[in-house]
Amino acid sequence: MVVANVMARHALTAALVTLSLTGVAEAQSDYEDAQSLSVRLEREGRARDAASSLDPFLALHPQDHDLALRLGWLWFQAGDNALARRRYELALRLSGDTSHD
């Protein structure tokens with residue numbers, strides 16, 4: 001009985017790890033898809049749509065300098081200077097560059 005309980009726990013742990021890794025992989029895939037979509041939309045002259053498709057991922061990747069920088073550019077192109085500035089300021093903070101202080 002003890003062996004059966006240990007085996008059941010190991011099987012449950014393996015299943016949970018697999019589900020967790022699958023969720024991470026799916027989230028990463030969604031992020032990569034959104035990046036590709038934003039490039040396509042930007043090329044089509046749809047900067048606002050490009051930024052809108054990518055912006056939600058900033059909450060999931062708050063330390064992603066490249067994402068903040070890209071969003072700054074996209075929001076600037078879209079004409080939303082206030083949001084562009086916030087994204088550029090975030091990118092600057094994330095870069096660790098203190099020369100602007």
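Good morning. The chain exposes about 6900 Å², and carbon and sulfur atoms supply 59% of that area. Please keep in mind that this is a predicted model.

I shall begin with the overall architecture. Of its 101 residues, 24% are buried. Among contacts with a separation of 6 or more, 43% are between residues 24 or more positions apart.

Let me turn to the interior. In soluble globular proteins, nonpolar side chains tend to be buried together. Here, the largest nonpolar core has 17 residues, and the members that touch the most others are Leu54, Leu67, Leu71 and Trp75. At least two residues of this core come from each of helix 1 (2–43), helix 2 (47–54), helix 3 (57–60), helix 4 and helix 5. Helix 4 gives the most, with 5 residues.

Which residues does leucine 54 touch, not counting residues up to four places away in sequence? They are Tyr31, Ala34, Gln35, Ser38, Leu67, Arg70, Leu71 and Leu74.

Leucine 54 also belongs to the buried residues of helix 2, which are Ala47, Ala50, Ala51, Ser53 and Leu54. Seen down the axis of helix 2, these buried residues fall within an arc of 160°, so they line one face of the helix. An α-helix has 3.6 residues a turn, so residues three or four places apart point the same way.

Leu69, Trp73, Phe76 and Tyr88 make a nonpolar surface patch of about 370 Å². Which helix gives the most to the nonpolar patch? It is helix 4, residues 65–78, with 3 residues.

Tyrosine 88, another member of the patch, lies in helix 5, residues 81–95. Is tyrosine 88 buried or partly exposed? Its relative accessible area is 31%, so tyrosine 88 counts as partly exposed.

Finally, alanine 82 is also found in helix 5. With a relative accessible area of 47%, alanine 82 is partly exposed. Alanine 82 and glycine 72 are 10 residues apart along the chain, and their C-alpha atoms are separated by 9.6 Å.

Thank you for your attention.

Terms used:
Residues numbered from 1 in each chain as written. Predicted model: local features only at pLDDT ≥ 70, side-chain atom pairs only at ≥ 80, totals over all residues. Heavy atoms only, no water. Patch = residues over 30% accessible without salt bridge, like charges linked within 9 Å, V, L, I, M, F, W, Y side chains within 5 Å. Areas by Shrake-Rupley, 256 points an atom, 1.4 Å probe, with all protein chains shown as cover. Salt bridge = Lys/Arg side-chain N within 4 Å of Asp/Glu carboxyl O. Helix = DSSP H or I, 4+ residues; strand = E, 2+ residues; numbered from the N terminus. Buried < 20%, exposed > 50% of the residue type's maximum accessible area, 1.4 Å probe, protein only. Core = buried A, V, L, I, M, F, W, Y, C linked by side-chain atoms within 4.5 Å. Contact = heavy atoms within 4.5 Å. Arc of directions from axis to C-beta.
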